[in-house]
Amino acid sequence: MTDKEQMSLFDLAPSEVPITELPKAEGVTETQTTKRAMRSTKNPAPAAIATVPVHEQFTSLDELKAAACNCQKCPLAPTRTNVVVERGDRQAKILIIGEAPGEQEDLSGLPFVGKSGQLLDKILESVGFDTNKDVYICNTVKCRPPNNRVPTEVETTTCKPYLLEQIRLVDPQIILLTGATSLKSILGEKLGITKVRGKWYEWEGRLVMPIFHPSYLLRNQSREQGSPKWLTWQDIKAIKAKYLEITGTNPVEEDEEF
């Protein structure tokens, strides 16, 4: 199946993103045992506070989830239905960070289960990722902002220790940042997502790539070269290639595109 045929499996809208040269992933040849030395010299990540004081750390993800579910630290607590902490494999090598829960997530207590989440799953599955085994999915904030507004700085800052602890406890090798909120929270990057998506960053010894949020793709359905959908297809193929390189796995002959 050609790229164009595979992309036609999604119904995604015309893009205002201009055609750009696809950024190439920086070569990283270190093995799994030396992952902490991985670097992307062309795109070094901005400095960021990436640790939680030892006395505030959790011993397990179960302990973290219990604490988050009882959290009353920010203004989102009184308006939530459920705290949305995680889904996926807690030992996954890929960790995906979204923005905040939406209505469906708030009702179910699981991240990325609405239309955006369904699209995210299809994107991952298009290159052979198993969404139950290969990825761990969470959000920058764990409670739904009213009317699905963008989380405030107070809300993201208050919730950040939970996110940093999720990263520490899962210990992924690759982190995907979907959209501007997660990009700013982790990398401190102020550039728009269209400027940095598809680029590899090094952050705390891990490879990090910002990508378009699936909700953006739902609003931009063009399949033309340079469109958000086309760019995301390039990104997910680069991510799969890097995953195979890190894990030492032989690639399959043909990926099934989203």
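This is a predicted model: local features need pLDDT of at least 70, side-chain atom pairs count only at pLDDT 80 or more; totals for chains, interfaces and linings use all residues.
In what follows, Ala, Val, Leu, Ile, Met, Phe, Trp, Tyr, Cys and Pro count as nonpolar, Asp, Glu, Lys and Arg as charged, and the others, Gly among them, as polar.

**The cavity**

- The count comes to 1 cavity of 30 Å³ or more, and the space in the largest cavity is about 120 Å³.
- Its lining is made up of 16 residues, and those that lie nearest the centre of the largest cavity are Cys71, Cys74, Arg80, Cys143 and Cys159.
- Sorted by class, the lining of the largest cavity holds 10 nonpolar, 2 polar and 4 charged residues.

**The largest pocket**

- The largest pocket has a volume of about 520 Å³, and it is lined by 25 residues, of which Glu99, Ala100, Ser116, His213 and Ser215 are the closest to its centre.
- Four helices, namely H3 (103–108), H4 (115–125), H7 (193–196) and H8 (214–219), each supply at least two residues of the lining of this largest pocket.
- The lining of the largest pocket has 8 nonpolar, 11 polar and 6 charged residues.

**The second largest pocket**

- The second largest pocket holds about 350 Å³ of space, and of the 14 residues that line it, Glu153, Thr156, Thr181, Lys184 and Ser185 are the closest to its centre.
- By class, the lining of the second largest pocket divides into 3 nonpolar, 6 polar and 5 charged residues.

**Packing of H5 with H6**

- On the H5 side the contact is made by Thr156, Lys160, Leu163 and Ile167, and on the H6 side by Thr181, Ser185 and Ile186.
- The contact of H5 with H6 comprises 3 nonpolar, 3 polar and 1 charged residues.
- Thr156, Thr181 and Ser185, which take part in this contact, are also among the residues closest to the centre of the second largest pocket.

**Packing of H2 with H5**

- Helix H2 (residues 61–69) and H5 have axes that come within 10 Å and cross at roughly 165°; because angles over 145 degrees count as roughly antiparallel, H2 is roughly antiparallel to H5.
- The crossing in which H2 passes H5 is left-handed, and the contact is made by Leu61, Leu64, Ala67 and Ala68 of H2 together with Tyr162, Glu165, Gln166, Leu169 and Val170 of H5.
- By class, the residues of the contact of H2 with H5 divide into 7 nonpolar, 1 polar and 1 charged.

Note on methods
Residues are numbered from 1 along each chain as its sequence is written. Side-chain values use heavy atoms; hydrogens and water are left out. On a 1 Å grid over the protein atoms alone, a cavity is a set of points where a 1.4 Å probe fits but cannot get out, and a pocket is an open set with protein on both sides within 12 Å along at least five of seven lines; lining residues have an atom within 4 Å of a point. Grid points are joined across faces, edges and corners, and a volume is the space filled by probe spheres set on the points. Axes are lines fitted to C-alpha atoms, for helices over the stretch in contact, and angles run from 0 to 180 degrees between N-to-C directions. Angles under 35 degrees count as roughly parallel, over 145 as roughly antiparallel, 65 to 115 as roughly perpendicular and the rest as oblique. A crossing is left-handed if the near helix is turned anticlockwise from the far one by less than a right angle, and right-handed if clockwise. Contact means heavy atoms within 4.5 Å.
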